[in-house]
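Morning, everyone. I'll take one model today and go through helix packing, a loop residue and some charge pairs.

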Amino acid sequence: MTKKQAAAAPTKVGITLGHVVSAAFDVLDRSGVAKLSTRAIAAELGVSMNTVMWHIRTKDRLLETMAEAVLGEVDLEDLPEHWHDQAAELLSRLRQAMLSHRDGALLIAGTFPAEPQTLAFTDRLLTALLHGCPTRRTAAWTAWNLFYFTLGLVQEEQAAPADDRDRLRAHVTERHLPGLHAALEDFMSVDFEARFRFGIGQILHSAATEAAPGH
């Protein structure tokens, strides 16, 4: 279920899981994951907390349902022909889906719901990787490497306060940290698009040429 599939104007009678998820995204996009709570969702819908809990059962289940909705926003059709380009495009679309929601990467971190949209994305990615990787294990482990690289970089991009970089500059001197000092500006680069494409390309190049270790 995606956010678009949820009804836009629920009434207090007839609240569905779709309404709860839609309201949860409204809270997330307005206030961030730290403010995402049963109480906030209930207030958004104008219902009791018990009504919300009846649908989501637990906070973990809510996060899994929302993560599944974000994966549902990733278009799995009209992909490039070559396996390398297919994998890169899938991760690019996943990145954009996470970036379209405030704290989207934090929302997904730590979840892997066995739900249709998440499984379909994973299947499509592995299908591409199986065409280019030397072994099935390489394809499977590369899928995780690609996912966690994308997740981590989007988390940085969505956090990324400028003053953190200023504080880092103040503490890095050539005398005490020569390696970090020499590469500091590139190390702190906020060209996330270029960093993403470089990192994905680097992982895929390695996956095509280096097999994962055997049992």
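At what angle do helix H1 and helix H2 pack, and how far apart are their axes? First, the ground rules. This is a predicted model, where local features need pLDDT of at least 70, side-chain atom pairs count only at pLDDT 80 or more, and totals for chains, interfaces and linings use all residues. Residues are numbered from 1 along each chain as its sequence is written, and side-chain values use heavy atoms, with hydrogens and water left out.

Now the helices. H1 covers residues 17-31 and H2 covers 38-45; they pack at about 110°, axes 9 Å apart. That makes H1 roughly perpendicular to H2 (65 to 115 degrees counts as that). Axes here are lines fitted to C-alpha atoms over the stretch in contact, with angles from 0 to 180 degrees between N-to-C directions. Helices are DSSP runs of H or I, at least four residues, numbered from the N terminus. H1 brings His-19, Val-20 and Arg-30, among others, to the contact. From H2, the residues include Ile-41 and Leu-45. Contact means heavy atoms within 4.5 Å.

Next, His-101. Its place is the loop between helix H5 (83-99) and helix H6 (104-108). Buried or exposed? His-101 is buried, at 5% relative accessible area. The cut-offs: buried is under 20%, exposed over 50%, partly exposed in between, with a 1.4 Å probe and protein chains only. Leaving out residues up to four places away in sequence, His-101 touches Phe-25, Leu-28, Asp-29, Val-70, Glu-73 and Gln-158.

On to charges. How many salt bridges are there in the whole structure? The search finds ten. The criterion is a side-chain nitrogen of Lys or Arg within 4 Å of a carboxyl oxygen of Asp or Glu.

Take Glu-193 and Arg-95, N to O at 2.6 Å. This pair links distant parts of the chain: Glu-193 is in helix H12 (residues 192-209), Arg-95 in helix H5, 98 residues apart. Glu-193 is partly exposed at 31%. Arg-95 is buried at 3%.

Glu-156 and Arg-195 meet at 2.9 Å. Glu-156 lies in helix H8 and Arg-195 in helix H12, so this bridge ties together parts 39 residues apart in sequence.

Last pair: Arg-169 and Asp-166, 3.0 Å. They sit three residues apart in helix H9 (residues 162-171), which means about one helical turn between them. Bridges with shared partners also join Arg-95, Glu-157, Glu-193 and Arg-197 into one network.

That's my tour. Questions, please.

Methods:
Helix = DSSP H or I, 4+ residues; strand = E, 2+ residues; numbered from the N terminus. Parallel < 35°, antiparallel > 145°, perpendicular 65-115°, else oblique.
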